[in-house]
Amino acid sequence: MTHLLDVRDLVVDYVLADRRVRALDGASLTMASGESVALVGESGSGKSTLGSAAGRLLPPSADLRSGDIAVLGESLAGLSNARIRQVRRERLGFVFQDPIGALDPTMRIGRQMRLAQGDRGSIRDQLERVRLNDPERVMRAFPHQLSGGMAQRVGIAMALSARPRLLVADEPTAALDSQVRQDVLDTVFALAAEAGTGILLLTHDLSAVSRRCSRMAVMYGGRVVEDGPTAEVLSSPLHPYTAALARSVPGNTARGERLESIPGRPPVLTSESAGCAFAARCAFAEDRCRNERPVPTRVDGRTVLCHRVAEGVS
Ligand code: ATP
Ligand code: MG
């Protein structure tokens, strides 16, 4: 079966003046057509790097050292610039965190949507579909005249206008108030489901994930450490990091502990980690966890990177 997205053993560094930061340290993730997958993990775990890599949109300071990314079976590695632009235009859509910043500040919305989309359908209809109820006014507005929620709806309309096969949404609602946030997410998921578009939702917000994404992939230290059906990953996590994360979801605990309650800081890696990246914060860590890299293990429909799970200890 051809995957919608197939990220395999991806290693990406950012090259700074005086050092390298390893952002992805052998990250793997696959998505089936039309699937909704949440990519979660603390700040710095590599979510945005993976999401950008899915469209070969990494900044120039990024060095893709090894691994491969394929969209619908087509590897992005060797593609010409013309072909990659075509793949982005026809198959991919992106929505980012800062909705107003993603738009051109000097141009009215209607004009920038026309320029971005050629004549694909009516812009007015597209704005109505994302539930902007005064599309004429929105089309005449400049980005700074829109609220964050309205601007993000415009961004979503633009990202979905070509009916992409995959929408990468990177913290699309982080800048919005909580009520607006729910409405915007509901709109994205409803429109994507209607069009058969797969969604890769990158977020810290586990409560947004639990009822909207059928699968969840948990990142830590530049690797996907657990991946499986969302409800099961949250109710019976196998990786110790996922367990800590799951306890932070309101409703999963009496008091809704927060993510920050995991003792220690996430790692900033400068090269391949010797053992498990979570070992320094893991209550179960043994010597082996510090010295040997865990390999992916399949358990009950999940893929987990943990020595204990590999041995059936959990
Ligand atoms: P957040 O939740 O804060 O958005 P993230 O999970 O998206 O975090 P990334 O932005 O992919 O994580 O970052 C992974 C690592 O790479 C971090 O250590 C980060 O500091 C570093 N990094 C990301 N972008 C750059 C960049 N342009 N230049 C240098 N380092 C970067
Ligand atoms: Mg990010």
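## Ligand shell

In this predicted model, 16 residues surround ligand 1, and the closest are Tyr14, Ala23, Ser43, Ser48 and Thr49. A residue is counted as near a molecule or strand if its C-beta atom, placed from the backbone, lies within 6 Å of it. At least two residues of the shell come from each of β2 (20–31) and α1 (47–53); α1 gives the largest share, 3 residues. Helices (H or I, at least four residues) and strands (E, at least two) are DSSP runs, numbered from the N terminus.

By class, the shell around ligand 1 comprises 6 nonpolar, 9 polar and 1 charged residues. Here Ala, Val, Leu, Ile, Met, Phe, Trp, Tyr, Cys and Pro count as nonpolar, Asp, Glu, Lys and Arg as charged, and the others, Gly among them, as polar.

## Packing of α6 and α7

Helix α6 (residues 148–160) packs with helix α7 (residues 178–195) at an angle of about 10°, their axes being 10 Å apart. Axes are lines fitted to C-alpha atoms, for helices over the stretch in contact, and angles run from 0 to 180 degrees between N-to-C directions. The two helices, α6 and α7, are therefore roughly parallel to each other, a term for angles under 35 degrees, whereas those over 145 are roughly antiparallel, 65 to 115 roughly perpendicular and the rest oblique.

On the α6 side, the contact is made by Gly149, Gln152, Arg153, Ile156 and Leu160, and on the α7 side by Val180, Val184, Thr187, Val188, Leu191 and Ala195. Contact requires C-beta atoms, placed from the backbone, within 7 Å. The contact of α6 with α7 has 7 nonpolar, 3 polar and 1 charged residues.

## Helix α10

Pro240, Tyr241, Thr242, Leu245 and Ala246 are the buried residues of helix α10 (residues 240–247). A residue is buried if 20 or more other C-beta atoms, placed from the backbone, lie within 10 Å of its own, exposed if 12 or fewer, and partly exposed in between. The buried residues of α10 pack against β3 (36–40), α8 (206–210), β9 (215–220), β10 (223–229) and α9 (230–235).

## Confidence and conventions

The protein chain has a mean pLDDT (the predictor's confidence in each residue, from 0 to 100) of 90, and 94% of its residues reach 70 or more. Over residues 253–260 the pLDDT is below 50; this stretch has 8 contacts in the model beyond near neighbours in sequence. The scores are ipTM 0.99 and pTM 0.93.

Residues are numbered from 1 along each chain as its sequence is written, while chains are lettered from A and ligands numbered from 1 in the order in which they are written. Because the model is predicted, local features need pLDDT of at least 70 and side-chain atom pairs count only at pLDDT 80 or more, whereas totals for chains, interfaces and linings use all residues.

Key. Two residues are in contact if their C-beta atoms, placed from the backbone, lie within 7 Å.
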